[in-house]
Amino acid sequence: MSANSPLAWHPVPITAPIDIRWWLLHRDSLTRLIQQRCSQFSVDPIFQSLAPACNDELNIMNLRRDELALVREVYLYCGDTPVVFAHSVVARKHLQGAWRGLSRLGNRSLGTMLFSNPLIHRAEFGYKQLNSYHPLFKRACQRLRAPPANLWARRSRFTLEEQPILVTEVFLPAIRGLTI
């Protein structure tokens, strides 16, 4: 896949605005960062089911186009305002292994689980400016009054017992209000 491919994710968010870049580049738990800046943090799960992964997730997760994976999508809220749309994908075959607890997360943050286990390792980030052609853009904008032209996202693979989960975080416009 070439760097200019519409499916490409990039190793550096060069063109991201500085206030968004701070969030994109931070390696700590996004949940924790938002909680530090927001007195009323909550997680609103909107989807969790076996479903196809996005086309640009197939290779990184070693999934076939017709293979179902567990897809979980949530909004992270500061008060009544959604600030992040999070999307995670794990292969169905790993739901009996390392990631068996995913189905019981409910309205708890996946990040809390990922950052509390020292055996979980995070790979490098990929970055992308999503637009209306990307399926995650459309889903992320469902709770926005006026969808922007694009949204910045980052993703990384976490592994536990050599079993990966891909986590994508889409930064919504209101995240800018939480920047120090």
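Visitor: What volume does the second largest pocket have?

Guide: Please bear in mind that this is a predicted model. Rolling a probe the size of a water molecule over the atoms shows where empty space is left. Here, the second largest pocket has a volume of about 150 Å³.

Visitor: Which residues line the second largest pocket?

Guide: Its lining consists of Thr81, Pro82, Arg143, Leu144, Arg145, Ala146, Pro173 and Ala174. Sorted by class, 5 of these are nonpolar, 1 is polar and 2 are charged.

Visitor: How many cavities of 30 Å³ or more does a search of the whole structure find?

Guide: The search finds 1 such cavity. The volume of the largest cavity is about 210 Å³. A total of 21 residues line the largest cavity, and Ala86, Leu110, Gly111, Val167 and Glu169 are the ones nearest its centre.

Visitor: Which elements each supply at least two residues of that lining?

Guide: They are the helices α2 (30–37) and α3 (110–116), together with the strands β2 (68–78), β3 (81–91), β6 (151–160) and β7 (163–171). By class, the lining of the largest cavity has 9 nonpolar, 6 polar and 6 charged residues.

Visitor: Let us turn to a single residue. Is Thr168 buried or exposed?

Guide: Thr168 counts as buried because its relative accessibility is 1%. This residue lies in strand β7. Leaving aside residues up to four places away in sequence, Thr168 touches Trp9, Glu57, Phe85, Ala86, His87, Leu136, Ala153, Arg154 and Arg155.

Visitor: Which residues of helix α1 are buried?

Guide: In α1, which spans residues 18–25, Ile20, Trp23 and Leu24 are buried. They cover an arc of only 100° around the axis, so they lie on the same side of α1. The buried residues of this helix pack against α2, β5 (126–130), β6 and β7.

Visitor: Which residues have the most contacts inside the largest nonpolar core?

Guide: In soluble globular proteins, nonpolar side chains tend to be buried together. In this model, the largest nonpolar core has 21 residues, and Trp23, Ile34, Val84 and Ile175 have the most contacts inside it. Two or more residues of this core come from each of α1, α2, β2 and β3. Ile175 touches Ile20, Trp23, Ile34, Val83 and Val84, again not counting residues up to four places away in sequence.

Visitor: How many residues does the second, separate core have?

Guide: That core has 15 residues, including Trp9, Phe137, Ala153 and Leu172.

Key. Residues numbered from 1 in each chain as written. Predicted model: local features only at pLDDT ≥ 70, side-chain atom pairs only at ≥ 80, totals over all residues. Heavy atoms only, no water. 1 Å grid on protein atoms, 1.4 Å probe; cavity = no way out; pocket = protein on both sides within 12 Å on 5 of 7 lines; lining within 4 Å. Points joined across faces, edges and corners; volume = space filled by probe spheres on them. Helix = DSSP H or I, 4+ residues; strand = E, 2+ residues; numbered from the N terminus. Nonpolar A, V, L, I, M, F, W, Y, C, P; charged D, E, K, R; others polar. Buried < 20%, exposed > 50% of the residue type's maximum accessible area, 1.4 Å probe, protein only. Contact = heavy atoms within 4.5 Å. Arc of directions from axis to C-beta. Core = buried A, V, L, I, M, F, W, Y, C linked by side-chain atoms within 4.5 Å.
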